[in-house]
Amino acid sequence: MPSVDSSSKPLTLSRVYGTLTIVQSVSAAVYSVYVLIHGVQLVSANFGGVELANRTLPLTRPLYQEKGTEIVLVVGSALVHLFSGIAKFGIRAYWKRFGQDTSHPALLPYHRFVGHMQVPALLLHYYLVRLLPIQKYGDSSFIDFSYIGWGLQNRPKFTYALHTTLIVGSMYHAVSGMSFIYARYLKKGKSTEKAAQVAQHSKSVEQHVLIEKYKRNQRIKKGLVAALSITLISSLVIIGKDTTKIPLRLDFESMYSKIIGL
């Protein structure tokens with residue numbers, strides 16, 4: 001997967017693409033703070049059940065759900081990441097007409113596709129856990145994991161499908177993206193890029209070592225995605241089984257029914 005030779009592209013377009021990449025990387029790093037906090041909330045169920053997870057929520061939720069922080073940390077960073085990605089997609093489509101490749105060896109396969117597929121799932125999740133409670137109560141800050149627990153128990157296909165998609169897709173895209181940021185801006189990823197550029201059929205010892213290193217790095221990243229995904233999905237299962245007290249079950253049913261019916 002060779003990287004693009006910037007000397008073969010119009011200078012201004014290359015600079016625009018490079019600037020967009022920086023913007024997208026910064027927004028990804030900012031959004032990852034929210035993902036990390038939200039992940040801690042969920043994973044806490046693995047250690048203390050839904051009771052601990054619900055106690056973790058009010059302690060950590062203000063970090064990303066205050067009026068200012070939510071706009072910057074969640075909504076703002078997500079929108080910046082999305083629209084800078086769309087702009088880059090347009091530039092790549094133009095370059096592709098000339099046979100130029102913009103893939104980066106630090107990224108996992110289908111990194112961009114997975115990111116695009118996350119958008120509708122994220123919007124649906126936001127509508128479910130933020131907008132519907134606000135429409136119902138005027139606030140969503142008091143909603144705990146019993147809301148998701150009700151869905152896992154009573155609308156299991158929808159709730160498990162939505163959140164499993166979010167977990168696996170987010171972990172895949174995040175691990176891939178963070179490895180790109182590390183290779184591009186911290187390590188510079190010279191050996192990885194070089195490994196990806198060599199011919200697969202080459203018999204050179206040095207090239208063979210570089211290719212094997214590239215393949216090993218890809219396997220490690222995929223293993224990390226699998227480990228994180230399994231951990232978070234197990235948290236979902238625990239929340240679904242551990243949730244017994246749902247005082248607002250009738251309200252939750254009415255909110256879920258706005259998405260998937262009765």
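A residue is called buried under 20% relative accessible area, exposed over 50% and partly exposed in between, using a 1.4 Å probe and protein chains only. By that scale His 104 is buried, because its relative accessible area is 10%. The model is a predicted one, in which local features need pLDDT of at least 70 and side-chain atom pairs count only at pLDDT 80 or more, whereas totals for chains, interfaces and linings use all residues. Residues are numbered from 1 along each chain as its sequence is written, and side-chain values use heavy atoms, with hydrogens and water left out.

**The chain as a whole**

- The chain has ten helices and zero strands, where helices (H or I, at least four residues) and strands (E, at least two) are DSSP runs numbered from the N terminus.
- Of the 262 residues in the chain, 41% are buried.
- The accessible surface of the chain is about 14500 Å², and carbon and sulfur atoms account for 67% of that surface; such areas come from the Shrake-Rupley method with a 1.4 Å probe, and for residues only the protein chains shown count as cover.
- Contact means heavy atoms within 4.5 Å. Among contacts in the chain between residues at least 6 apart in sequence, 81% join residues at least 24 apart.

**Helix α6 and its crossing with α9**

- Helix α6 is mostly covered, with eight of its ten residues buried; Phe 145, Tyr 147 and Trp 150 are among them.
- The axes of α6 (residues 145-154) and α9 (residues 205-242) come within 8 Å and cross at roughly 85 degrees. The two helices are therefore roughly perpendicular.
- On the α6 side, the contact is made by Phe 145, Ile 148, Gly 149, Leu 152 and Gln 153, and on the α9 side by Leu 236, Ile 239 and Gly 240.
- The residues of this contact divide into five nonpolar, three polar and no charged. Here Ala, Val, Leu, Ile, Met, Phe, Trp, Tyr, Cys and Pro count as nonpolar, Asp, Glu, Lys and Arg as charged, and the others, Gly among them, as polar.
- Axes are lines fitted to C-alpha atoms, for helices over the stretch in contact, with angles from 0 to 180 degrees between N-to-C directions. Angles under 35 degrees count as roughly parallel, over 145 as roughly antiparallel, 65 to 115 as roughly perpendicular and the rest as oblique.

**Aromatic rings**

- The structure holds nine aromatic pairs. Rings of Phe, Tyr and Trp (its six-membered ring) pair if their centres lie within 6.5 Å, and planes under 30 degrees apart count as stacked, over 60 as edge-to-face and the rest as tilted.
- Tyr 94 and Phe 98 form an edge-to-face pair, because their ring centres are 5.2 Å apart and their planes lie at 75 degrees.
- Tyr 94 is partly exposed at 33% relative accessibility, whereas Phe 98 is exposed at 53%.
- Ring pairs also link Tyr 147, Trp 150, Phe 158, Phe 252 and Tyr 256 into a cluster.

**Arg 249 in helix α10**

- Arg 249 lies in helix α10 (residues 249-260) and is partly exposed, with a relative accessible area of 36%.
- Not counting residues up to four places away in sequence, Arg 249 touches Trp 150 and Thr 244.
- The C-alpha atoms of Arg 249 and Gly 151 are separated by 9.6 Å, although these residues are 98 apart along the chain.

**The loop between α4 and α5**

- His 104 has its place in this loop, and its C-alpha atom is 9.7 Å from that of Ala 183, a residue 79 places away along the chain.
- Tyr 110 also belongs to the loop between α4 (67-96) and α5 (111-137), and is exposed at 65% relative accessibility.
- Although Tyr 110 is not a glycine, it has a positive phi of about 65 degrees.
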